[in-house]
Amino acid sequence: MIKIVDYGLGNILAFHNMYKRLNVDAGVARSADELAGASRIILPGVGAFDHAMELLDRSGMRATLDELVLERRVPVLGICVGMQILGRTSDEGSHAGLGWIDGHVKSFGSLQREDLLLPHMGWNDVRPTTGTPLFEGLRSDARFYFLHSYYFECARQEDVAAVTGYGIDFACAVHAGNIYGVQFHPEKSHRWGTRLLQNFASL
């Protein structure tokens with residue numbers, strides 16, 4: 001059972017509907033009890049880093065998430081801000097992230113590029129850099145929809161699963177063990193997003 005974590009952020013219904021069309025068993029978790037039996041976890045998110053962490057902490061699911069991901073090694077996929085909070089810290093706020101992947105979230109504004117419009121919005125190419133199964137069948141023409149002003153900078157290069165160019169080549173996907181994250185929105189990315197979510201369900 002894939003559990004989609006509903007802590008107040010993200011398009012929960014879109015993910016649930018996509019998995020329903022794929023005939024994949026998925027449900028929504030709004031409490032620790034509902035999350036407990038997960039075999040896969042989707043951690044969506046939109047908005048600001050600190051707000052996401054505050055809502056997640058208030059949801060009562062934080063300790064269960066840590067247990068499932070860090071101790072039981074249940075695969076988890078963080079999406080957009082859900083990927084950013086996988087890291088330790090962010091330029092966007094002062095709260096600590098989950099710290100599941102060693103990295104810091106930086107502002108595109110720190111690049112001081114006057115030609116770089118913010119947010120980074122729209123379709124962009126995604127180039128897988130490792131053999132992660134998340135991008136199976138998506139290695140030649142993958143394009144995904146982005147909407148963000150901050151990007152994840154991994155402390156370890158081997159945790160970068162895919163890159164996208166916007167001013168710089170930034171990590172648009174991360175992977176360490178059972179932990180995955182994507183900066184783009186697969187639920188808005190047509191057939192490429194559908195394939196990625198199907199790949200995650202098959203891990």
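This report walks through helix packing, the nonpolar core, aromatic pairs and a few backbone details of the structure above.

The model is predicted, so a word on the ground rules: local features need pLDDT of at least 70, side-chain atom pairs count only at pLDDT 80 or more, and totals for chains, interfaces and linings use all residues. Residues are numbered from 1 along each chain as its sequence is written, and side-chain values use heavy atoms, with hydrogens and water left out.

**Helix 1 and its surroundings**

Let us start with helix 1 (residues 12–21) and helix 6 (residues 190–201), whose axes come within 11 Å and cross at roughly 75 degrees. Axes here are lines fitted to C-alpha atoms, for helices over the stretch in contact, and angles run from 0 to 180 degrees between N-to-C directions. Helices (H or I, at least four residues) and strands (E, at least two) are DSSP runs, numbered from the N terminus.

On the helix 1 side, Phe15, Met18 and Tyr19 meet Gly193, Thr194, Leu197, Phe200 and Ala201 of helix 6, where contact means heavy atoms within 4.5 Å. By type, the residues of this contact are six nonpolar, two polar and no charged. Here Ala, Val, Leu, Ile, Met, Phe, Trp, Tyr, Cys and Pro count as nonpolar, Asp, Glu, Lys and Arg as charged, and the others, Gly among them, as polar.

Which residues of helix 1 are buried? They are Ile12, Ala14, Phe15, Met18 and Tyr19, with buried meaning under 20% relative accessible area, exposed over 50% and partly exposed in between (1.4 Å probe, protein chains only). Their cover includes strand 1 (2–5), strand 2 (26–29), strand 3 (40–43), strand 4 (76–79) and helix 6.

**The nonpolar core**

The largest nonpolar core has 69 residues, and Tyr7, Ile41, Ile42, Leu77, Ile85, Phe135 and Phe144 touch the most other members. Such a core is a set of buried Ala, Val, Leu, Ile, Met, Phe, Trp, Tyr and Cys residues joined through side-chain atoms within 4.5 Å. Strand 12 (residues 168–176) gives the largest share, six residues. Leucine 77, leaving aside neighbours within four places in sequence, is in contact with residues including Ile41, Ile42, Tyr180, Leu197 and Phe200.

**Aromatic pairs**

There are ten aromatic pairs in the structure. Rings of Phe, Tyr and Trp (its six-membered ring) pair if their centres lie within 6.5 Å; planes under 30 degrees apart are stacked, over 60 edge-to-face and the rest tilted.

| Pair | Centre to centre | Angle between planes |
|---|---|---|
| Tryptophan 123 and tyrosine 145 | 6.1 Å | 75 degrees |
| Tryptophan 123 and tryptophan 192 | 6.0 Å | 65 degrees |

Tryptophan 123 lies in strand 7 and tryptophan 192 in helix 6, so their pair ties together parts 69 residues apart in sequence. Tryptophan 123 is partly exposed at 33% relative accessibility, whereas tryptophan 192 is buried at 15%.

**Backbone details**

Asparagine 23, in the loop between helix 1 and strand 2, has a positive phi near 60 degrees and is exposed, with a relative accessible area of 73%. Glutamine 112 has a positive phi of about 55 degrees and sits in the loop between strand 6 and strand 7. Proline 119 lies in the loop between strand 6 (103–107) and strand 7, and the peptide bond from leucine 118 to proline 119 is cis, with omega near 0 degrees.
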